[in-house]
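Me: I am new to this structure. Please take me through it, and say on what grounds each term is used.

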Amino acid sequence: MKIALIYPELLGTYGDYGNALALSQRSTRRGIDVEVMSVAITDELPEADLYLLGGGEDGPQRLAVDLLKKTSLSQRVSKGAHVFAVCAGLQILGNSFSVEGDDAYEGLSLVDVETTRGVVRSVGELFAQVGENKLVGFENHGGVTSLGRGVAPLGNVLHGRGNNGQHDGFVTDRIWATYAHGPVLAMNPWLCDEVITKVTGRTLSPLSTVADQLYAERFTSLSSR
Amino acid sequence: MSNRPSPRGVLALIALRTVNSLSRVTGRGSGTVAGGRVGLAICPKLLSTLSKNREIVLVSATNGKTTTTALSVAGWGMNVATNASGANMPAGHVAALAASKATRVVLETDEAWLPVVIEATNPNVVVLLNLSRDQLDRATEVRAIAERWRSSLSKASNRLVVVANANDPLVVYASEVAETIRWCDIETSWTADAVSCPKCTQSITRSAGTWSCECGFAKPKCTTRVDGNEVRIGDDSVQVELNIPGQFNVGNAAMAATALEVLGTEPSKSLLNMRSVSGIAGRFTIRQWQGRKLHMLLAKNPAGFNALLESLNPGSDDVWIAINARIADGKDPSWLYDVSFEQLQGRKVWCLGDRRLDLATRLDYANVSYEVVDDLNSLPKPTSTTELLANYTAFSDWMQRSSQ
């Protein structure tokens, strides 16, 4: 599995390297070969099975989207590559987002969603029902994201804000996006394994690590609120 | 006449001193901030009044401001008024100035409050060390802070001298508008928050000891330099021997000495005086706990943590790391993934603090062996001094638990 971590210098504000690390460790420990490529802003976009987009501040987020528009990311996704995006990365994938002020900035339009500026920032722990599972994480963003017709949310918010207090992120055939930033895949081993399974098509053997205990601890803490 | 407090100011000072002594007597604190708050409420101009006819140095940064403040105070080598560690907002400044008649003043200043404090105190020197990500859940993102510093420094009085780290593009961006600047070439390994240019957002190019952007924004020419333990300020060259560890502290000392040189103290003298600093509010000190010797190291954010990890002896010392995520720490421990714990591979880390499982998960993914300590009594007998790295409230917990 080839993983490309896109512009960590722009989209890496909240420990976003943690997602690449969790994916690669949980694959390697099951005997799956993984190559993680860190894509610098001066690099060509490499071919990869999975592209990771992290969180970033306003200026860097705009630079990242300007650079990505000039790459083959959209074509690669339409040909079968996957994307896992968090926070600013989530916003970039949509038609538009607004950061400083209320001016809309054009996104990559990979998914029919729009992000406007919320009245207050959404900061705190995020807890969401995702299919049969629950996702734990931390969010810190100023956006309110509305999904176009037919776009499915990744999950329903149980605690926190996500897109709008009701839904968090979105999911398509090959794209996952969530407001739970940084190391969300490190904290949610089940989601990390779901992504690996989908991208590689392999059935994964069970893997027990200390991340299970961390997940259980956050799960218990968030369930009681 | 102008430096005499107004009647309202006198009332504010009396109220402030009363609350300070009450707070000390009742044991509710070291008696600084509470009094300062009362004083400021009665007379908002109190900080400005108390600053008159004094020589004032302000020190601000994400990392190293407490240490650099202590180095500046020691380096000046005479009666200096300064604020207690942590009391680095106006209430703490008022309390420090009210408690001392010293005409020389060094104030550690919170990054977000710096513009307000510059306006109120009209300082002679402002020392700006660095800006990096820290507690993003409750603090402003770092670029916004750089922008506010810049706007403040562009309006400051022309007696102000800014002593600034030329290796941090965010600090350079904030400082370059000032009338008089002393640029310092000090080791700055954390660059992740200034990869794109603060002026034009293009990427900054870095090569051996310098940096620049296509738009023309580039590292300025420096008059203070550090090479190993040698500090050069203008034509002076001094070999520094500090009693606190880490190359980053040689850089902090060089910047403190530059500030003091502006105010007339020779670097050879100030840097010698700085040897008296051996621990600041417990940082870098050795403490005793259950027959163990703990080397107390405070690290609050990725830049600080990486700098400390690089300064650890590669020897066989035990490494304990304590992580909390309470309000004062920032409630989001995601930053653990911005720390290069990979450099601890081959060593074993004992994971402590409220968020020990977040730390253990991070170490596991970094292939560092670890042990999660749920019961402090289960910790192994030490073979040598234990390196204890802790973030803010975890550090306080261990200061309380241990003794001198």
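Reply: The centres of domain 1 and domain 2 of chain B, taken over C-alpha atoms, are 28 Å apart. This is a predicted model, in which local features need pLDDT of at least 70 and side-chain atom pairs pLDDT 80 or more, while totals for chains, interfaces and linings use all residues. Residues are numbered from 1 along each chain as its sequence is written, and chains are lettered from A in the order in which they are written.

Me: What makes domain 1 and domain 2 of chain B domains?

Reply: An automatic or database domain assignment sets the bounds; for chain B it gives 44–276 as domain 1 and 286–401 as domain 2.

Me: How many residues of the two domains of chain B are in contact?

Reply: Contact requires C-beta atoms, placed from the backbone, within 7 Å. By that rule 15 residues of domain 1 of chain B are in contact with 12 residues of domain 2 of chain B.

Me: Which residues of chain B make up helix 9?

Reply: Helices are DSSP runs (H or I, at least four residues), numbered from the N terminus. Helix 9 of chain B covers residues 247–262, which is 16 residues.

Me: Why is helix 9 of chain B called largely enclosed?

Reply: A residue is buried if 20 or more other C-beta atoms lie within 10 Å of its own, with C-beta atoms placed from the backbone. In helix 9 of chain B, 14 of the 16 residues are buried, so the rest of the structure largely encloses this helix. Just after helix 9 of chain B, G264(B) has a positive phi of about 100°.

Note on methods. Helix = DSSP H or I, 4+ residues; strand = E, 2+ residues; numbered from the N terminus. Expected span 1.5 Å × (residues − 1). Buried ≥ 20, exposed ≤ 12 C-beta atoms within 10 Å, placed from the backbone.
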